[in-house]
Amino acid sequence: MRTVVVASQKGGSGKTTLAAHLAVTIERARCGPAVLVDLDPQATLSGWWNQRDSEAPACAAAQSLSTLPEKLAELAEAGFAWAVVDTPPAIGATNRVAIGVADLVVIPTRASPHDLNALGSTLEIVQAAGKPFVFVLNSAKPGTAIATQAVALLSEHGPVCPAVIGDRVMYASSMSDGRSIAELDPTGKGANELGKLLEFVKSRFPEFQKVKVKQYA
Ligand SMILES: Nc1ncnc2c1ncn2[C@@H]1O[C@H](COP(=O)(O)OP(=O)(O)OP(=O)(O)O)[C@@H](O)[C@H]1O
Ligand SMILES: [Mg+2]
């Protein structure tokens, strides 16, 4: 099982939205099964999941931080291919433990200077833990100067998802009733950018990297 932890100290950067949408995208692409783990006391992700009609992705309660590694081992044993973990907007024990169990940390950020400046402390923890990470520019307008500058700045510090997650009202409306934007509009631009996000996340794992075949003359 691959454990993807969505983390950023900055409130409102899109952690919960991306965690939910990534897990649904994994299921829709038939790369699952995926399970969500909500470590945020705000419980926004669990609230979203409780409203869903669909059972997939699954959602598992993490009883306590100290048993998180055992919980993840149990989920792996149960056959889940991916765990997507949502974290609170803080730098504390929860985030340190979550980052400690991550195979990949996804760090969402908005494009504003305030948001970008706030990334330092998250990055410090991730790098101190020696964990692979990616940045995802969220709620931006692709092609605008601010989005382009943000991507350029982020790429000086680490890999950046080539697909910018657009500022779309549908992200907010889908989250309010337990759905994802791909379920509201399967062929829309949002579903397309989420597909690219999944491809990028997969590409960070060696088992999905393309190995060129030897050619014989
Ligand atoms: N790409 C987007 N387009 C439009 N709205 C978005 C987008 N991403 C997130 N939002 C909205 O921004 C708000 C914050 O998003 P979200 O709750 O996912 O952030 P968060 O990082 O989990 O917040 P917190 O730090 O409080 O846990 C929500 O109202 C959400 O609907
Ligand atoms: Mg959240």
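Trainee: Is Ala-163 buried, exposed or partly exposed in this predicted model?

Mentor: Count the other C-beta atoms within 10 Å: 20 or more makes a residue buried, and 12 or fewer makes a residue exposed. Ala-163 has 18 such atoms, so Ala-163 is partly exposed.

Trainee: Where does Ala-163 lie?

Mentor: Ala-163 belongs to the loop that runs between helix 7 (145–155) and strand 7 (165–166).

Trainee: Which residues is Ala-163 in contact with, leaving aside its neighbours within four places in sequence?

Mentor: Those contacts are Glu-193, Lys-196, Leu-197 and Phe-200. Take Leu-197: 34 residues separate Leu-197 from Ala-163 along the chain, yet their C-alpha atoms are 6.2 Å apart.

Trainee: At what angle do helix 1 and helix 10 pack?

Mentor: An angle from 65 to 115 degrees counts as roughly perpendicular. For helix 1 (15–28) and helix 10 (residues 189–203), the angle is about 85 degrees and the axes are 10 Å apart. The two helices are therefore roughly perpendicular to each other.

Trainee: Which residues meet where helix 1 and helix 10 pack?

Mentor: Helix 1 brings His-21, Leu-22, Thr-25 and Ile-26, while helix 10 brings Leu-194, Gly-195, Leu-197, Leu-198 and Val-201. By class, the residues of this contact are 6 nonpolar and 3 polar, with no charged residue.

Trainee: Which residues of helix 8 are buried?

Mentor: In helix 8 (169–176), the buried residues are Tyr-171, Ser-174 and Met-175. To see whether such residues share a side, look at the arc they cover around the axis. Here the arc is only 100 degrees, so the three lie on the same side of helix 8.

Trainee: What covers the buried residues of helix 8, and which exposed residues does the face turned away carry?

Mentor: The cover includes helix 1, helix 2 (44–51) and helix 9 (181–184). On the face turned away from the buried side are the exposed residues Val-169, Ala-172, Ser-173 and Ser-176. Just after helix 8 comes Gly-178, with a positive phi of about 75 degrees.

Trainee: Which residues come nearest to ligand 1?

Mentor: Of the 19 residues around ligand 1, the nearest are Lys-15, Thr-16, Thr-17, Pro-89 and Ala-172. Helix 1, strand 6 (133–140) and helix 8 each give two or more residues to this shell.

Trainee: How many residues of each class does the shell around ligand 1 have?

Mentor: The shell has 10 polar, 5 nonpolar and 4 charged residues.

Notes. Residues numbered from 1 in each chain as written. Chains lettered and ligands numbered in written order. Predicted model: local features only at pLDDT ≥ 70, side-chain atom pairs only at ≥ 80, totals over all residues. Near = placed C-beta within 6 Å. Helix = DSSP H or I, 4+ residues; strand = E, 2+ residues; numbered from the N terminus. Nonpolar A, V, L, I, M, F, W, Y, C, P; charged D, E, K, R; others polar. Arc of directions from axis to C-beta. Contact = placed C-beta atoms within 7 Å. Axes fitted to C-alpha atoms, helices over the stretch in contact; angles between N-to-C directions. Parallel < 35°, antiparallel > 145°, perpendicular 65-115°, else oblique.
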